[in-house]
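Hi,

Here is the structure I said I would pass on. Have a look at it first, then read my notes on its aromatic rings below.

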Amino acid sequence: MSGFAGKKILVTGGSGFLGGPVVSRLLGRGARQEDITVPRSARYDLRLPAACAEVVAGQDLVIHLAANAGGIGWNRSHPGSLFYDNAAMGIHLMEESRKAGVKKFVQIGTVCAYPFQPPHIPFREDDLWAGYPERTNAPYGMAKKMMMVMGQAYRQEYDFSVIYLLPVNLYGPRDHFFEPEKSHVIPALIKKFVDARDSGAPEVVVWGSGYFKGTPVSREFLYVDDAAEAIALAAERYDGSEPVNIGAGQEIPINDLVAMICDMTGYGGKIVRDLSRPDGQPRRCLDTSRAKEKFGFVARTPFEEGLRRTIAWYEQARRER
């Protein structure tokens with residue numbers, strides 16, 4: 001029998017890009033729809049202790065996905081609110097969960113918590129404190145990193161079961177395609193190339209050079225359904241204080257990504273680089289061995305297949321708007 005059968009589960013952000021697939025995975029592992037609560041931000045401001053106390057009452061498991069998050073542009077424009085919103089939500093939700101007798105709390109962190117230039121590639125969980133994060137990501141990354149500290153402290157003092165997961169950059173259907181100010185690189189590029197193709201635009205402008213001190217800038221990406229699977233597995237099987245990376249275990253140069261999306265969307269115009277825009281962190285790639293060891297997670301979706309699904313979803317959603 002699944003570890004979720006008969007359990008009352010709160011999923012903050014459960015109607016969102018990642019939250020929807022997470023809820024589906026919980027249902028597939030024995031949870032009942034009527035036992036899953038998804039608080040909506042229009043009713044519950046999770047930055048407030050009273051709202052957190054209300055939503056965690058009677059819950060056995062809390063999975064905290066809700067976040068104020070976005071791409072480089074959003075991070076540069078909203079550093080204060082990114083820090084406050086994410087820190088306040090996490091702090092109050094975890095404290096109220098402890099007080100309410102919640103049995104387990106799953107905190108979703110971020111790859112942005114890692115140092116700008118960590119001592120190892122791929123990033124290892126033990127290197128989280130080896131330096132300060134990349135500046136545009138730091139307020140968001142540090143707010144989320146403090147939740148790891150809080151979870152470990154609560155486990156030590158109160159014996160409260162908190163696990164901390166560090167997903168790499170996610171992509172997939174239902175991402176922020178229609179909120180350009182919040183877009184990460186894959187939805188932003190797909191939207192640019194599909195829209196340019198359909199409008200006959202002669203060129204597409206892409207941020208940054210794709211290089212850092214002569215070395216190609218690279219990223220690792222994880223398909224959203226794989227990330228949801230990892231979260232469900234960890235919630236069911238893992239109960240340790242150590243943070244755990246969640247990723248695909250491989251990286252792709254940003255310039256190769258641009259070329260791949262250009263080709264897959266059928267855009268035939270010119271690509272222009274806006275060198276006034278930042279490239280962000282030089283490399284991002286996670287060591288995912290701990291996730292496999294602790295709860296058996298291995299990413300299953302090949303990158304090209306995930307990209308095709310994501311492009312197809314955007315083209316369909318665009319036609320329906």
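Let's start with Phe212: at 22% relative accessibility, this residue counts as partly exposed (buried is under 20% relative accessible area, exposed is over 50%, and partly exposed is in between, with a 1.4 Å probe and protein chains only). Keep in mind that this is a predicted model, where local features need pLDDT of at least 70, side-chain atom pairs count only at pLDDT 80 or more, and totals for chains, interfaces and linings use all residues. Residues are numbered from 1 along each chain as its sequence is written, and side-chain values use heavy atoms, leaving out hydrogens and water.

Next, the ring pairs. Rings of Phe, Tyr and Trp (its six-membered ring) pair if their centres lie within 6.5 Å; planes under 30 degrees apart are stacked, over 60 edge-to-face, and the rest tilted. That rule gives 13 aromatic pairs. One of them joins Phe116 and Phe212: the ring centres are 5.7 Å apart and the planes sit at 90 degrees, so this pair is edge-to-face. Phe116 and Phe212 are 96 residues apart, so to speak, in distant parts of the chain. Tyr154 is buried at 13% relative accessible area, while Tyr158 is partly exposed at 36%.

Tyr158 also has the charged end of Arg98 over its ring, 4.0 Å from the centre (meaning NZ of Lys or CZ of Arg is within 6 Å of the ring centre and within 35 degrees of the ring normal).

Cheers

Methods. Helix = DSSP H or I, 4+ residues; strand = E, 2+ residues; numbered from the N terminus.
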